[in-house]
Amino acid sequence: MGTIYTCTMNLAIDLFIETEQLLPQVVNRTLDDEIQANGKGVNVSLILKMLGIPSTALGFSGGFTGKYIEDFLSEKHIKTDFVAVNGMTRINVFTQVNEENKEYKLVNQGPAISPENVERLLAKIKTLVPGDFLCVSGSLPKGVQPTVLIEISKICQEREVKLIIDSSYKEVRECLQYRPYLIKPNEDELATLFDVATIAPEDYQKYGQMLIAEGAQNVLLSLGSEGGIFFNEATCLIANAPKGKVVNTACAGDSLLGTFIAGMVRKEEVSHTLKRSIAAGSSTAFKKGLTDFLDILELEAQIHVHRKEVHK
């Protein structure tokens, strides 16, 4: 098994708050709060670690907030190799308002990244060797253009690195010519890739297979409370999601992806991997932080995977 790297170009500390009400111009007392080192690739590394798979976290880190994330990962015995930058790694706020049964998400931009630091990150990626895995996840900070995803895709193809992309930019479609190992859009991102307003559920398979035809080796379509679909040239697997009270959706997709990567790295049967991954994503959605995997078997019992014929 090659080394697994995660890449989070816009690291974050996430502050999760629970409050009964959220009213303007008054002091709103909270019921609970939790601070978590975050960023989509960081979450994938944390999930992999819980599943017994080591990884190295790459990306940009700035200020005392960036140092907090590095220290947090070190305590979890996760290696880091961040590019140090000026400015502060961002802090995001997610507020669950019980009276409204709604979650408010305040997500900051993050520090500006210089072209020199972008090149430093690309230089690190160029040291990866054939058989390694690289998971590039999340938004891009100021100063980093979405075309960097295309550059990374080309590097990974040249170096025979298995690239996994979880990003909402339309440039992901231009990456497909370089045969990424896996891409993980949600339904909105799938529509963005094809420049349409929405995609009806009955058309998910058609568009998923189009991504395969354009070069993606595997596609994992994340559908939130509706479950997920896995595609490759030979397979289309559809699974529902379990029921539960949603507390925090911020890290659910990362939990799904990290668990799915673990299954692929271990070459486990893909239908089992899909079921477990959806359970992990749902478990996180039903908690304030990442899943602890203690309720996975219970959630898996609610998930059913069925195979659909692939039309070539």
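Start by selecting residues 219–222 and 228–231: strands β11 and β12 form a hairpin with five residues between them, and glycine 224 in the turn has a positive phi of about 60°. Before moving on, note that this is a predicted model, in which local features need pLDDT of at least 70, side-chain atom pairs count only at pLDDT 80 or more, and totals for chains, interfaces and linings use all residues. Residues are numbered from 1 along each chain as its sequence is written, and side-chain values use heavy atoms, with hydrogens and water left out.

**The hairpins**

Stay with β11 (residues 219–222) and β12: four bridges join them, and they run antiparallel. (Strands pair if DSSP finds at least two bridges between them; strands are DSSP runs of E with at least two residues, helices are runs of H or I with at least four, and both are numbered from the N terminus.) Click on serine 222 and look across to its bridge partner in β12, glycine 228.

Now show the side chains of β12 (residues 228–231). Which residues point one way, and which the other? Gly228 and Phe230 point one way, Ile229 and Phe231 the other, and all are buried (under 20% relative accessible area, with exposed over 50% and partly exposed in between, using a 1.4 Å probe and protein chains only). In a regular strand, side chains alternate between the two faces of the sheet.

β12 and β13 form a hairpin with four residues between them. Isoleucine 229 has isoleucine 238 of β13 as its bridge partner.

**Helices α3 and α4**

Select residues 115–125 (α3) and 148–159 (α4), which pack at an angle of about 20° with their axes 10 Å apart. Axes are lines fitted to C-alpha atoms, for helices over the stretch in contact, and angles run from 0 to 180 degrees between N-to-C directions. That angle makes α3 roughly parallel to α4 (under 35 degrees; over 145 is roughly antiparallel, 65 to 115 roughly perpendicular and the rest oblique). Show Val118, Leu122 and Ile125 of α3 with Val148, Glu151, Ile152, Ile155 and Arg159 of α4 to see the contact (heavy atoms within 4.5 Å).

**Helices α1 and α8**

For the last stop, select α1 (residues 40–50) and α8 (residues 252–265), whose axes come within 8 Å and cross at roughly 50°. That makes α1 oblique to α8. Residues making the contact include Val44 and Ile47 of α1 and Leu257 and Ile261 of α8.
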